[in-house]
Amino acid sequence: MSIEVDIRHRAGDFSLEVRFVVDAPGVTALFGPSGAGKSTVVAAVAGLLRPNHGRIAVDDDVLLDTVQGVNVAAHRRRVGCILQNASLFPHLSVRANLLYGWRRAARRGDGAEIDHVVGLLGVGHLMDRRPATLSGGERQRVALGRAMLAGGRALLLDEPLSALDARRKDEIMPYLQRIRDEARIPILYVSHSVDEVTRLADRMIVLADGRIAAEGAMFDVMARPDLFPLTGRFEAGAVLEGRVAAHDPADGLSEIAFDGGRLVVPQVDDAVGRPIRVRVRARDIVLARRLGELSAGVVY
């Protein structure tokens with residue numbers, strides 16, 4: 001399954017011209033600074049904006065074709081969309097919000113599907129509460145559950161963590177990682193945060209001034225020095241993928257094993273054997289002559 005996007009759009013002095021494919025499984029990050037056109041792309045795929053020219057399709061189902069006069073209404077596109085604000089129905093309980101998505105599904109699953117999503121997102125204890133009583137992270141988890149139960153063939157996440165503080169972001173990130181690992185649908189994740197992208201993304205599309213500046217595997221794109229003006233000059237470095245090899249609680253350290261060596265970092269919560277990503281920034285590297293003087297990294 002895939003999302004195919006080929007659109008051109010002009011709004012005032014801003015012009016957008018992009019062409020890309022989001023494949024499943026995995027997360028494709030649409031990354032770039034504010035004003036690059038990321039949210040315009042999401043709005044076009046979701047059916048909230050009609051581009052001047054172009055074509056959008058999910059597999060063989062054409063959602064937009066300006067030449068053929070096709071423009072499927074947003075509520076018929078079967079594409080889940082989560083924006084910065086959760087937009088839950090305030091008068092409904094968490095259970096009723098989730099069931100609203102389930103009832104809208106073109107192919108409605110059974111109760112086991114509901115139980116699976118509730119367990120996946122850890123919202124079982126919230127079912128009888130109203131959105132006003134939830135934290136920001138809890139509201140976003142419920143919004144994710146509603147979108148998943150609606151039977152979407154694709155999931156669009158437009159800066160879903162931007163309204164949350166650091167603690168709430170850390171709260172919801174493991175649930176986004178679960179969705180990435182378990183969902184078999186294409187996921188387009190929009191962000192201007194290097195931390196979020198390197199934790200979640202498999203592929204990366206970098207936008208600048210309405211054009212694609214780079215695309216490819218996240219590990220490759222983040223390692224390109226020519227993109228540092230866009231990805232952040234203080235974020236220059238490399239992302240390593242490995243596994244937790246050991247913990248040293250006495251010293252508050254963990255050992256990460258990856259192809260080519262091992263790295264000692266501040267202790268992480270993941271169990272031994274779990275996969276993990278480590279972003280090593282160039283500015284954090286320390287060259288030492290003696291064993292025990294270690295480089296630092298940002299661990300995911």
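This report walks through salt bridges in a predicted model.

## Ground rules

The model is predicted, so local features need pLDDT of at least 70 and side-chain atom pairs count only at pLDDT 80 or more, while totals for chains, interfaces and linings use all residues. Residues are numbered from 1 along each chain as its sequence is written, and side-chain values use heavy atoms, with hydrogens and water left out.

## How many bridges?

Side chains of opposite charge can pair when their charged atoms come close. Here a salt bridge means a side-chain nitrogen of Lys or Arg within 4 Å of a carboxyl oxygen of Asp or Glu. By that rule, the count is 13.

## D61 and R153

D61 and R153 form one of these bridges, at 2.7 Å from N to O. D61 sits in strand β5 (residues 61-65), and R153 is in the loop between α4 (136-149) and β8 (154-158), 92 residues apart. Helices (H or I, at least four residues) and strands (E, at least two) are DSSP runs, numbered from the N terminus.

R153 is buried at 11% relative accessibility, whereas D61 is partly exposed at 35%. Buried means under 20% relative accessible area, exposed over 50%, and partly exposed in between (1.4 Å probe, protein chains only).

## Bridges involving helix α5

E171 pairs with R141, their closest N and O atoms being 3.1 Å apart. E171 lies in helix α5 (residues 166-182) and R141 in helix α4, so the pair ties together parts 30 residues apart in sequence. R141 is buried, at 5% relative accessibility.

K169 and E196 also meet in a salt bridge, 3.9 Å from N to O. K169 is in helix α5 and E196 in helix α6 (residues 194-200), 27 residues apart. E196 is buried at 6%, but K169 is partly exposed at 25%.

## A network

D202, E241 and R277 are joined in a network of salt bridges.
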